[in-house]
Structures are given as structure tokens and as C-alpha cells.
Amino acid sequence: MKLISQIDGQTIEVEIERQDPGLIATVDGRIYELEASVPEPNVYLLKHENKVYEIFVSSKSDPHDHVEVKVKGEEFDIAIEDPRSLRGSGVNAESADGVSELRTAMPGKVVRIILEAGAQVAKGDGIIVVEAMKMQNEMKSPRDGSLKEIRFKEGDTVNAGDILAIIE
């Protein structure tokens, strides 16, 4: 799972991969092998290099996925964005000016372009197919409109959060 966080105005990419018996966390390119447990709701214990960190997490009551995190007496206000929520059907798909961005949920490869730029689309129409983790995902239009732009071609590699297409 790949996440993008904002801490004190700084963007930090975090990728979490579950592996028995724990997980691998990659934070801005630094790799941490962790053992994790959740002894009670909103309390996490992370063990790294024989040190145990107790982490308290509480959600803030705002719509932007902010959390307050307390570690070793320090408090952090963190905004977390899951690139999967940036997909065409996600809450960020449609902006105020009527433009929608169709985005990838995870890294992969474009295996098929279903519609070309200029085509009229209805909500739910397939636009582009991306293969990720040996599964093909058909990316669909989040709304009715005109397919203004396709930004990749078949065979291209895409990263999580990349804009695949623009719909007006």
C-alpha cells in the first residue's frame, strides 16, 4: 500500500508491504523492517531493531484524512492521502471547473486503450486498462463528458497516482 503524507508542509511517500512475520515500510526511500501489533484501538506497537515504539493515533474531525500521532512524547498532525482514492471514481475525480482526472491506483503497465481522445463518454465507460500485480484493471469514466486527453500509450509504465486521462 502506497500513501502520501504531509507533515509540516513536507510531502513524504510511505509504502507498506506486509511480510510474515511483520511488514516492510519504505519512507522516502529508507527501508524499515518492522514487527507491528495493535493492542487496543488507535494504539500501535512497532518494533524496529529491538526497540519498541508505542504510537497513539487519533482521527481529526475534518474531511482531509488528518490524523494526530503521538510518539515518544512528540505530537504530529499528519495529512494522509491514499493514491487509490485518486482513481477516476474517487472523491477527487471531479473538480469545481468540471474537469475529471482518471488516475492509477498503483504502479503498472498500460495494456489497452479502449477509447481515444475526443470520444464522448458516459459515466462507467471503460477508457484504459492497466495491469498491476498480474491483474488487469479497467479504468472507467467517473462522469459523462468528453475524453479530452489520454496521457499514456499501450506498453507505457505508470506510477501510482499518475493521471491517465482527462474528462471534461
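Predicted model: local features only at pLDDT ≥ 70, side-chain atom pairs only at ≥ 80, totals over all residues.
I looked up the largest pocket and found a volume of about 1400 Å³. Its lining has 35 residues, and Val 14, Ile 16, Leu 46, Ile 55 and Val 69 are the closest to the centre. Then I checked which elements give two or more residues to that lining; among them are S1 (2-7), S2 (10-19) and S8 (74-81). Which strand gives the largest share? I found that S4 does, with 6 residues. I also sorted the lining by residue type: 24 are nonpolar, 7 polar and 4 charged.

**Entry 2, the sheet.** Next I turned to an open sheet of 4 strands, which I read in the order S9-S16-S14-S11, with antiparallel pairing. At the edges I found S9 (100-103) and S11 (120-121), each pairing on one side only. I followed S11 to its neighbour S14 (residues 145-150), and 2 bridges join them. One residue I traced was Gln 120, whose bridge partner in S14 is Ser 146.

Most residues other than glycine have a negative phi, so I noted the exceptions I came across. Asp 28 has a phi of about 45°, and I placed it in the loop between S3 and S4. Asn 50 has a phi near 65° and sits in the loop between S5 and S6. Are these two buried or exposed? Asp 28 is partly exposed, at 38% relative accessible area, while Asn 50 is exposed, at 71%.

Notes: Residues numbered from 1 in each chain as written. Heavy atoms only, no water. 1 Å grid on protein atoms, 1.4 Å probe; cavity = no way out; pocket = protein on both sides within 12 Å on 5 of 7 lines; lining within 4 Å. Points joined across faces, edges and corners; volume = space filled by probe spheres on them. Nonpolar A, V, L, I, M, F, W, Y, C, P; charged D, E, K, R; others polar. Pairing = 2+ DSSP bridges. Buried < 20%, exposed > 50% of the residue type's maximum accessible area, 1.4 Å probe, protein only.
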